[in-house]
Each structure stands twice: as C-alpha cells, then as structure tokens.
Amino acid sequence: MTEPIITFDKVNKWYGNNFHVLRDIDLSVAAGERIVVCGPSGSGKSTLIRCINRLEEHQQGTLRVDGTELSDDVKAIEAVRKNVGMVFQQFNLFPHLTVLENLTLAPMWVTKMPKKDAEERAMQQLKRVRIDEQAAKYPLQLSGGQQQRVAIARALCLTPKIMLFDEPTSALDPEMIKEVLDVIIELADHGITMICVTHEMGFAKAVADRVIFMDEGQIVEQNTPDEFFNNPRNERSKDFLSKILGH
Amino acid sequence: MSATFRSIAPRPAPVSTEGFVPWARANLFGNWPSAVTTLLLLGMFFWYLPGMLNWMVLKAVFVPNIQQCQAARDTGACWGVIAEKYRLIIFGRYPFDEQWRPEVATIALVALLMASCVRMFWRPWLALLWLLVMAFVFIMMHGGVAGLSVVETDRWGGLPLTVLVATLSIVLAFPLSVLVALGRRSKMPAIKTICTIYVELIRGVPLISVLFMASFMFPLFMPPGTSIDVLLRVLVGITLFSAAYLAEIVRGGLQAIPKGQQEAADTLGLSYWQAQRKIILPQALAIVVPGVMNSFIAIFKDTSLITIVSLYELTGSMGLALDSDSDWRPFKIEGYIFITAIYFVFCFSMSRYSLWIEKQLSTSKNR
Amino acid sequence: MTATAVPPKKRNWSLRSRAVRGVLYQIIALGLIALAVWFLAHNTLQNMRVRGIQSGFDFLDQPAGFDIGESLIPYDSMNPYWKAFLVGVLNTLRVSVIGIVLATVLGTLLGIGRFSHNALVRGLCYAYVEVFRNVPVLLHLLMWYLVLVSALPGPGEERSVFGLFFLSNGGVSYPVPVWGLGQALALAGLLVGVVLSWLWAKRARRLFELTGKPRLVLWPSLALLLAGALAGWLLGGAPTAWSIPKVGEFSVNGGSSLTPEFIAVLLGLVFYTTSYIAEVVRAGIASVARGQSEASAALGLSKGQQMRLVVLPQALRVIIPPMTNQFLNLTKNSSLAVAIGYPDLVSISNTALNQTGRAIECISIIMAVYLTTSLGTSLLMNLYNKHAAIKER
C-alpha cells in the first residue's frame, strides 16, 4: 500500500488558551483521492485545510504532507507550499496585476521560471479553465465566477500535487456557481489530490471519493458519498443533513 | 467505513498562550533582532530615567520662589513659574478679579460641545440651546449687563479665547460649508465653479496668509471710517478658512449617500431643498461627524496662529506673561511644557472622544 | 412609417421649467457676487485714497532697504523688492524640500514600525504619533527655537567639534568644498552614474525574465554612482580645497552654516509632519486585505517577496495621495517661520508690507506662490491617480 500523501496524527489546535478548534484529528489522504469536508460553521473545516499549507499552525500532533513534516522550519514550509495549491472563498486575486501577471508571478519568483515559459504555462491553464481571452484584463474587471476560475488557474500554474479549496463557491452568485464547479469537476479527473470544503452536496456526490463530516473540531463521520448521504450513522450527521438537504 | 464515533470534550491548551509571560515571549523576545531591540530600548530608558526624574520631579522647585528657582537653574525644573504665572498664562490680559467669568464661560462652552456630539441630543431644541449658551458666553466675557464690568475684546486671551475662537469658527463655518458642498455638487456650472474656486483657493494657501488678509485687508474692504474689531477680523478669516476644509468633508459625506436616496425623494415629489433638508443632509451629516471633529481638533491647534496677528490666545499669552517679567523669563521652557501639556490633554481627549463617537455611530448602523 | 431624424426641440420659457430656473438662479448668484465685489472694491479704493496708500506692483523694482538673515543667492539691502521676494521663495523651498525628504524617511520608518514584531517598538511609534500630533506646529517651532538658542554657545564661547564643525549662536557651521571645476565634474559624473544604474536595472530585469535567475541591482547601482562621481572628480584635477569654519573677530568665518532659525523651523516641521506621515503609511499598509498576503504565502512567496510584489504596490496607491497632501501641509506650515524670524516668503512679504503699506499686493504675492505650488501638485497627483488606479469595471 502506497504512503498516504497527507497524514494527520492526533493533531490538535487551539486559538488562545481555551478555544479547542481541532481535537485529536486522525486522517489519512491517499494520493489522487478526492475529499469533501462539510459541517456546520465553526466546526474547524477551514482550519483543518489551512493547516495543510501552514496558513495555520497546529500546536500538538504530527502533520505530514508529501513526506515532509510541517513545523516552524522555513524550508519545510517552502517545500510544502510548492506542492499544495489553494483556492480561497474571496478569490484573493492581486488587483494591481493583470490576469496573466497574476498567474506568472509565482512561477517566475518562486520556481525561477523564465518569463516566456511562465506565460506559456499560464495561457495553458487559462485555456483549461476556459478564460484565456481575458488574459490582459484586470481582476476587478471580471465577474465573480471568472475571478474564481482565474484563481484556480493561478494555483494550477505551480503544478501542485494537492489542491485545497476553501468554500470556493460561497461568495458567488447562484448563476456562477455552476461554471466554477464544472472546472473543479474536470480537474478531479486528472489525478490531483483534492480536498474541498463546501456546502454543495450535488458536487460532493458527483466527485468525492470520501465525505468527511466535522463538528466541534472533530471528525464525526467519514464515508463514501452514497453511504454518508443515504445512510448517515451519527445523530449529528443526520441532524446536519436534514438541515441542508431540507430545501 | 467510519469507526464508531466517540465525542471528545474540549481541553485547555497544553502550553499557555495567554498571560504576561507568553505575551512577552512572543512580543518582546520573539526573535533575535526583537530581543536585542527590547534590551537596547529598556537600557536606554533606564539610563535616562534617573536624569529625567531628577529634573522633572525630584530636584524641581514647585513653589513660586524666584531665589529657589534660580538656585536650581540647571539641575531641576522650575515649576514654580507655573504656580506664579498660571493665571496670566491661562487667562491672558483679562482683568484679574474678573477671571471667574471666562472660566465659567469656557466650562459652559466645553459642556455644550461635548453634548452636541452625542446622538441623543440631536433634537430641535439643540439649536436653541446653542444660541442661549453662546449669548451667555458673550455676556460673561464682554460684560456690560447685569452689573458685570465691560471687558473689551482686545483684553480677551489665553485658553478661553482659544476655545471661543475655535468653537465660533466651526459653528459659523458649518452652514457655509454645507452650502458650498451642495454648490460643488450642483449641476449649474456657474455655482459649481464659484464654489470650487473658493475651496481650492483657500485650501491652496497657508492659514497665516488668510489671517494676514483678514487682519490687513478687511479694514480696507469696509466703508471708510468704520473700525472693525480685531477679534471679528480674525474670526472672519478663520471661519472662511474652516469652511473650505469642512466643505470637502461634507462633500465626502454627500457622495457616500447612495443615489437611490435622491431618486426616492424625487419620486415622492419632494423639492430640492426639502429632499436635502429631510433626507440627504441628515444622513450625510451623521457620516461626517468624525470628520468634523477632526476638523475641530485641527482648528483648535490652528488658533495658536492668531498670536501672530496680535490676539493673545494660549501660546501668545504664555509669551506675554514671561517676556514682560525679566525675573521669570529664563524659565520659559517650563512655561512651554505647561501649555504643551494643556494642548495635548485637550487634543488627545478630543481625538479619543471622536473615535468613541465614530464607534457609536457605526455600531448603530449595523444591526 | 416615417422616421423622425431628430427629436423636436421643445422651447419652454415658463418659469416652471427646470432649465429656465437653473439659469435664473445662476444669474442671481453671479449678480450678487458681482455686487459684493463692486462693494468691496469701491470701499477699498476709497480707503486707499483716504489713507494715501498707493497701489500697483511697481514697488517691486525699488530698492528693498532691508537685510535678510540668510539667503541662497547673493543679496544686499540695495537689491530691489522682487529679489527680496525671490530670496524668500528660495528659503521656503529650501526648508520645505529638505523637510519633506526627512519627514518622509522618518515617517515611513515609524509607519512600518507600527507593524513590528516587538511590542516596545510598536508602542513607541504609537506614542510618538499621538504626542507630536496633538501639539500645534507653532508651538513645535517656538520650543525648538528656544532650545537651540539656549543650547548654542554665545559669542566668545564658540565650541568646535572635531575641529571641523563649529557651534555658535550664529548656528552650526560646517565645512564645504570650495566649488570649482572638479566639484562640478563630480556632480556631472554622479548624474551619469544615475543614468547608468537605471540602465543596469533595466538589463537586470530583462535577464531575470529571460532566464528566471534574479540579478543584483542595489550594490551595482551604488557602485556605479560612486564610480561616476569619482571619475568626474579625478577629471577635474582631483581638487581637495575645503572651506573650514574658523572663529573670526565677530563671528565664525568660512564654511557654510545653518542658522538656529533654519534648524528650528526644519526640526519643528519635520517632527510634526512625521507623525502625520507615519499615520498615512500605517493606514496604507493596513488597507491591504489580509487575504492578499495569505494568497501570496500560499503561492510560496517569501515574506520579502510578498511585501515587494503584492502588499507594497497596493499600499502605495493608498498612501501616495494623502502623502502629497502632507507635503503640501509642510510647505504651507513653513509660513509660520515668520514667528521665529526665519526669512521665508511670508516673513519677507510681511516686512515689505510693513515698509510699503502695499498690503493687497504683498499678500497676493504670497497667495499666488502657494496657490501655484498647491495646484501644480494637485494636477500631478490627479495624473498619478489616473495612471495608477486599480482598474475596475
């Protein structure tokens, strides 16, 4: 059996002294696996994935990503971030750079790619998310759905092994959610490990290998989408599902 | 596929991150440069602290005794100069026995200003209160009524003059600034141009030149034979100056009102002035209160300039008090420290108050 | 169906038409203003006749009749008034430009210091801003002047520092190189160095884009500047003549000096404006959303790269407009030099006004100079804003 690409081993995180936001998380993610994390707000889902690329620091336990253990070591963090791409709820595109410049920034300055190669790769990724004609525009000139697709392309430019999505469609108008989800679904067929925090249950059913339900900082239940949605075993999961599938 | 779920109770963090020691470890000694800086700064502080304490407190003279002060010349501060001259510094050349009058007037004015910033008092009777208090202040300062002796405006000075000039100029400037702000947003080109020229002209020149203009040129503008009171000239100058800056602040507030408000007012059939008075201005003015307060603080500091045109407000009265007395003149630096402290206390409190008001107004906007 | 080419124009001259009312209001407003201007002008002319005040700018050609304490160009009391005004303008520019440079450097350091990891540094920067901002600038000037005048040694007690600098009540004297061909060529060499280092920076950027390897820019540029100045100096014969201040019979001779008035105005303006610039810089950096540094960190950019490529470019757009406002404020505040006798434009204009009685002319000169500076800066600022604005829909 191959090494899992991400392992959480009794990972604990606190905010301050008393807010125990991640409690004894044990999780293994295999390479190429597609995972959806769901749960009520405040359950620690975003914190969980932000720990994977060290945007948040855990205080107890071991977290290994692609063979590297995450700690304060700067080199370890650099190595991890080269292999982990992240897409944010608020897109976080750089408004003072064009779309193309947004995408070539990291390849040029982090992986030291020549500008021409970086631009070529950027155009490839833009074509992939079907937004290549907007390459010369500025982010604030695009719609929300277009901006999020650019953000996905930007993360893909570094050819990461793992992609993290932190509620990628929560800030979008309803008619734009589909275009972004379609792009993510397409990505899923290419073998990238994906961890997606989302409320979009249709997406989870279509794409996920595993659904993880979190509540109050713990993993309450994890199962295949079929099992989880049709046969939830835990009271809290049932309660959550009834609320979000209600309408 | 999932194991049976066992709920885990929350635990406190193993290593405390709250409390003074963790805070100090993170904020004072977080990394090498930080630790070195902390030690350096603390070292400097403790090195100079005894010297400063000696001069300011331990070896300082607090009694108004000129011999003791001169004896302590370079070793200790002479706070006695304050004890000796404070009434001259704070009240200027106002007659000694009548100084309770500017004192009462200033307290009334300050109370009125503080009340006016609180939303609770924004009622129609506030305007009436303003008129009453201003009349009261003038009667107190000028006299001539109810058995109070007359004190001409050229003897008004010190802190009461500073507060009075600052307050009056903002109060008078405010209606003018609203008109100018509305004028700048008007669609009529002539009015818009006139207002824009006024604002850009005043904002482009230093206050001292406006004061010179008011001081030297205002008498020329009036029919021959009329003499204009010095205080009035200065007031006109500072008012015109404040109005230009306030107009920009009010204009910012007007711009922040969504266009839909004006459209709603139009559909209801309100005229231009009705819409402004009842819908647009009340909202805009609530937004600009912090900006107006900042303007007030700036004007309060700017009143120190009227010293240059011979009205002895706080800065000038200090110079006057000590220049004329050769015994106490060497202790001017203590005098300066004293009025610096007064300005600081006033301005700092006003800016804190302004921040508090801003928070009140913004929390009332969010449900 | 007939197509109408142009919508028919309706001419409605009734008083109820908004267009007509608009025109009417403007005519009334202009009329009132014309009336007021006529009233003021009429009174002014009458007053001037009564008091025997003459008008006109012809006085500018007459000899000024007063000395000026310090000047960048040669001047004596027989020079005409316009030259005196020019000296004033130069003095204002001198203290303003130096003040702006110093205040910007200090203010930026303090503004960045508010984000330091060290709590003491953060606290000191905050305390500086609050203490210096809440004291009127005139008081700053007066206090610095008092301190300088009491601290500087009086006549007969001049103190020399390292044998090169002199402290006296005339100010701080420092040695200056005697200006000659060598120095002029050194300056030219420096300018050549500037051009060369700019070219080097461009080449370094192009190489980076081609190959991906970043090239050094800072040290080569400094080296080029130094080399240029050195080359020019050598070409000019490597002159080493310096004018070193020495105590003369009545005062310190030689070298150049900074008068206590100049130093007081400079220090007062710099310390006051620094507190405002620090606030502007702090607000600018804080305005860049945290998500920007998070996204750039997630992409693997180092802290330095995050600052340089993502945070600072966005922060600068927010910082520069209010920063130029502070520059203008500093320039306008330099007019307070009249209170301590530094001969800036307002001070000299005041003297001229008192001597000639031409109040309107003198004050209008002051206002015209300051207005030109302010409007010119606003224009440049608007151009910059248009160019640098973050492009939105």
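In chain B, helix α5(B) passes α6(B) in a left-handed crossing, the term for a near helix turned anticlockwise from the far one by less than a right angle, clockwise being right-handed. Helix α5 covers residues 100-117 of chain B and helix α6 residues 125-142, and their axes come within 8 Å and cross at roughly 165°. That makes α5(B) roughly antiparallel to α6(B); angles over 145 degrees get this label, those under 35 count as roughly parallel, 65 to 115 as roughly perpendicular and the rest as oblique. Axes are lines fitted to C-alpha atoms, for helices over the stretch in contact, and angles run from 0 to 180 degrees between N-to-C directions. Helices (H or I, at least four residues) and strands (E, at least two) are DSSP runs, numbered from the N terminus.

The model is predicted: local features need pLDDT of at least 70 and side-chain atom pairs count only at pLDDT 80 or more, while totals for chains, interfaces and linings use all residues. Residues are numbered from 1 along each chain as its sequence is written, chains are lettered from A and ligands numbered from 1 in the order in which they are written, and side-chain values use heavy atoms, with hydrogens and water left out.

Chain C contributes an open sheet of four strands in the order β1-β2-β3-β8, with antiparallel pairing. β1 (159-161) and β8 of chain C stand at the edges, each with a single partner strand, so one side of each is left without a neighbour in the sheet. From one strand to the next the twist averages 25°. Two strands pair if DSSP finds at least two bridges between them. Moving across the sheet, β1(C) is joined to β2(C) by three bridges, and Ser160(C) stands opposite Phe166(C). Phe166(C) in turn has Ser173(C) of β3(C) as a bridge partner. Strands β2 (residues 165-168) and β3 (residues 171-174) of chain C pair over three bridges and form a hairpin with two residues between them.

Chain A holds an open sheet of six strands, ordered β6-β7-β8-β3-β9-β10, with mixed pairing. Its edge strands are β6 and β10 (218-223) of chain A, each pairing on one side only. Neighbouring strands are turned by 20° against each other on average, direction ignored. Within this sheet, β3 (residues 34-38) and β9 (residues 210-215) of chain A run parallel and are joined by four bridges, with Cys38(A) opposite Phe213(A).

The structure holds three cavities of 30 Å³ or more. A cavity is a set of points, on a 1 Å grid over the protein atoms alone, where a 1.4 Å probe fits but cannot get out; lining residues have an atom within 4 Å of a point. The largest cavity has a volume of about 80 Å³, volume being the space filled by probe spheres set on the points, which are joined across faces, edges and corners. Its lining includes Val84(A), Phe88(A), Arg154(A) and Ala295(C). Elements giving two or more residues to that lining are β6 (84-87) and α5 (144-156) of chain A together with α8 (290-298) of chain C. The lining residues divide into nine nonpolar, one polar and one charged, where Ala, Val, Leu, Ile, Met, Phe, Trp, Tyr, Cys and Pro count as nonpolar, Asp, Glu, Lys and Arg as charged, and the others, Gly among them, as polar.

Key
On a 1 Å grid over the protein atoms alone, a cavity is a set of points where a 1.4 Å probe fits but cannot get out, and a pocket is an open set with protein on both sides within 12 Å along at least five of seven lines; lining residues have an atom within 4 Å of a point.
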